[in-house]
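I opened my notebook to get to know a new structure. Here is what I looked up, entry by entry.

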Amino acid sequence: MADQRRPTLTVTERFLPERPARRRTDGATLVSVFLLALLIIPARLVLSFVPMTLPPALVVALLLGVLWVSGQMVDDVGMGKGRNVVRTAVALYLASHLATYGVATRRWLPTDELTVADSSIIRITSMIAVAVFVCDAVRTKDRLDRVLKLLLACAAVIAFVGLVQFGLGVDLASYVSLPGLRVQDNGYSAMEARSIFRRPTGTTNHPIEFGLVCAMAVPLGVHYLFKARDDGTPHVRWALCLALVGLGALTSLSRTALLGMAVGALIMIFTLPRRRKITTAVVGGGSFLGASLVVPGLFGTLRGMFSNIEDDPSVKARTADYEAAWHQIDLNPLLGRGFGTYLPTKYTILDNQFLLTLIENGYLGLFALIGMFLAAAFAAIRVRMISKDEQLRSLASALVAGVVAGGIASVTFDLLGFGVATGLVFTMIGVTGALLRVAKEERRRTAAEAVAQEA
């Protein structure tokens, strides 16, 4: 007869409470590491022990790419498989870059342009790796929330650093020093001036990049503030994050940030329930007026950026180079002259990523870039169509607003030339694909439960 006696317990097992099982490191954890490296470590800090300019976030992104490839070879690590519109669009974008790189390096290029082309293909491939990793490795709504809450919190930290720069003229990011990293001079000032104000950069490289990061985070702040109120959980932290990123976008004194935030606000107001439309419009308008009253002259400066746009020197400088840009496009219309080879120090600065893509990647590259933004927006809109979960639908609206803000910025800003903004855009693109996977899985689960109940 089998022995039925209970096993003897040790003193520790008798008197100490049972510890909950520790959560295993998963895709969301690794994406969080990337976001911390991208958004919290100042963009001017790069690895000191390598000859090329290599930010820590880029190293993490390359590791995510290796892990994604490894995960696709096995079936027991929880990596998403199967078709996904975002992953397909990102793959086409990668194919266009590889084709351009192959054609550009096959013909003669000056040494300086060839060197940049080599480093640029590594940089864009790493960002693409982030998008596909997020799309396939973050598998549940809770883990997506964890990633996006961290993104919002990091954006709020960037905004806080920027507001200190704007108000006090103190650059907190310059005091950050980490072992193994050195300061890379990128030719930009940490605090430029426009009108009577300082233009902050936070932990990014440029005021426009700073403003775009804040503007893309605003819709997430709106979503998580409403979500916390619905769930009955503390919401003051999300209200503070929303206030910081909203003020950060305003004080960047950037048309790109203002346009992105305005378009994002319209998308959120259009898709939110009626009661929240009114709340969002009133709070947004009140915050803008409040900021204008607290910072005298801010409203006039912002208004002057648009009312005198035809006489603005920065706008004239952008449009003056269009004729030379079209000449470059005509030389290599299909695949371009090579990604990264149109050096601003050698040719000119084009604050228009779509135009720059036409020069460097040709029409195929431009269609692939636009297609990637459209695929991400479609994925989020598709979530709203198939999901009955209001919070999931609200999150989809916030992601549409963020992705569209990135697309709008590509018209007024050379987006892919700035690592923090590029990393954030590709992260959000990947999140839309992950959200679509989550929504489809929930729909399948709901349908299976309905069939089981009927049986």
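Entry 1, a term to begin with. I call a residue buried under 20% relative accessible area, exposed over 50%, and partly exposed in between, using a 1.4 Å probe and protein chains only.

I noted that this is a predicted model, where local features need pLDDT of at least 70, side-chain atom pairs count only at pLDDT 80 or more, and totals for chains, interfaces and linings use all residues. Residues are numbered from 1 along each chain as its sequence is written, and side-chain values use heavy atoms, with hydrogens and water left out.

Is L350 buried or exposed? L350 counts as buried because its relative accessibility is 4%. I found L350 in the loop between α13 (322–331) and α14 (353–386); helices here are DSSP runs of H or I with at least four residues, strands are runs of E with at least two, and both are numbered from the N terminus. I also looked up Y322, which is 28 residues from L350 along the chain, and their C-alpha atoms are separated by 8.4 Å.

I counted 16 helices and four strands. Of the 455 residues, 50% are buried. Contact means heavy atoms within 4.5 Å. Of the contacts with a separation of 6 or more, 78% join residues 24 or more positions apart.

How do α4 and α5 cross? The axes of α4 (residues 85–106) and α5 (residues 111–137) come within 10 Å and cross at roughly 170°; axes are lines fitted to C-alpha atoms, for helices over the stretch in contact, with angles from 0 to 180 degrees between N-to-C directions. α4 is therefore roughly antiparallel to α5, a label for angles over 145 degrees. Among the residues that meet are Y93, L94 and H97 in α4 and I121, I124 and T125 in α5. By class, this contact has 13 nonpolar, three polar and three charged residues. Nonpolar covers Ala, Val, Leu, Ile, Met, Phe, Trp, Tyr, Cys and Pro, charged covers Asp, Glu, Lys and Arg, and polar covers the others, Gly among them.

The axes of α6 (residues 141–168) and α16 (residues 419–454) come within 10 Å and cross at roughly 160°, so α6 is roughly antiparallel to α16. On the α6 side I listed K141, L144, L148 and L151, which meet α16 residues including L424, V431 and E442. The contact of α6 with α16 divides into nine nonpolar, one polar and two charged residues.

Conventions
Angles under 35 degrees count as roughly parallel, over 145 as roughly antiparallel, 65 to 115 as roughly perpendicular and the rest as oblique.
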